[in-house]
Amino acid sequence: MLLNSKGKHRRPSKATRIVALAGVTGAAVAVPLMGATNASAASVATWDAVAQCESGGNWSINTGNGYYGGLQFSQSSWAAAGGTQYAARADLASKDQQIATAEKLLDMQGPGAWACAGAGGLTNDGVDPGVSTGSGQSQQAQPERKAERPTTRSEQRTAPKPQKQAEEKSESKKTVTTPTGEKVQKGDGEYKVKTGDTLSKIAQKQGVKGGWSKLFELNDDIVKDANLIFPGQQLHLK
């Protein structure tokens, strides 16, 4: 985990830590000590080893403890080393962008900026990691969205609405249309009403005990008026 100046972790030596972070129009400016070398660098394999110790090698980790990314940058260290040109936080930047920022922090503070420097074998070995940072924020931070073809008003009006069509189809199976255009309940009985049928005729023909009144009672959920039944309705006979 990156060491900070708040006492939560072991502080780096005076010879390697940043002298000050001064507020200038809301931004933090890091000023490295005199004598810090401009040739500090470490290989990708070395940074991988440090990240393995710091975060288990998870370059997008954010556990909410104030340290972000594979190399566990604090927000102030990420900003001071220029990481915000890639992403707002280290965990939102790519591995290469985090390594490029770590190279700058290594140049400013030396290996002592990382508690896992020893475990990862981090030194100013001068080996250029050769990473490619791309431009702007990482793809992880700003995933590309595929362009969607806009639809015209005509297409919007005529486009089928599957759910509505399914509902209408389902409803049509439950109703029949009367000669006046009104929809009435179809029912699910064993006898299908034909043109010219009445409850009396059906009861007599089908031998319903209790006659038309019993037939009416058996189907009062779909027949609202004993004098009005419609072709297509399906009546229960018992």
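Me: Where does Phe 73 sit?
Reply: Phe 73 is in strand E4, residues 73–74. Strands (E, at least two residues) and helices (H or I, at least four) are DSSP runs, numbered from the N terminus. This is a predicted model: local features need pLDDT of at least 70, side-chain atom pairs count only at pLDDT 80 or more, and totals for chains, interfaces and linings use all residues. Residues are numbered from 1 along each chain as its sequence is written, and side-chain values use heavy atoms, with hydrogens and water left out.

Me: Phe 73, buried or exposed?
Reply: Phe 73 is buried, because its relative accessible area is 0%. Buried means under 20% relative accessible area, exposed over 50%, partly exposed in between (1.4 Å probe, protein chains only).

Me: How far is Phe 73 from Glu 54?
Reply: They are 9.9 Å apart, C-alpha to C-alpha, and 19 residues apart in sequence.

Me: Switching to Ile 99. Which element holds Ile 99?
Reply: Helix H3, which covers residues 95–109, holds Ile 99. Ile 99 counts as buried because its relative accessibility is 0%.

Me: What does Ile 99 touch?
Reply: Leaving out residues up to four places away in sequence, Ile 99 touches Val 44, Trp 47, Trp 59, Pro 129 and Val 131. Contact here means heavy atoms within 4.5 Å.

Me: And how far apart are Ile 99 and Thr 133?
Reply: In space, 8.9 Å from C-alpha to C-alpha; in sequence, 34 residues.

Me: Zoom out. How many helices and strands are there?
Reply: The protein chain has eight helices and eight strands. It has 238 residues, and 34% of them count as buried.

Me: What share of contacts comes from residues 24 or more positions apart?
Reply: They make up 58% of the contacts in the protein chain with a separation of 6 or more.

Me: Now charges. How many salt bridges?
Reply: The count is three, taking a salt bridge as a side-chain nitrogen of Lys or Arg within 4 Å of a carboxyl oxygen of Asp or Glu.

Me: Which side chain does Lys 95 meet?
Reply: Lys 95 meets Asp 48 in a salt bridge at 2.9 Å, N to O. Asp 48 lies in helix H1 (residues 44–55) and Lys 95 in helix H3, so the pair ties together parts 47 residues apart in sequence. Asp 48 is partly exposed at 29% relative accessible area, and Lys 95 is partly exposed at 30%.

Me: What about Asp 91 and Arg 89?
Reply: Their side chains also meet in a salt bridge, 2.9 Å from N to O. Asp 91 is buried at 5% relative accessibility, whereas Arg 89 is partly exposed at 27%.

Me: And what does Lys 214 pair with?
Reply: Lys 214 forms a salt bridge with Glu 217, with the closest N and O atoms 4.0 Å apart. They are three residues apart in helix H8, so about one helical turn separates them.

Me: Last topic. Where is Asp 220?
Reply: Asp 220 lies in the loop between helix H8 (211–218) and strand E8 (234–235). Asp 220 is partly exposed, because its relative accessibility is 47%.
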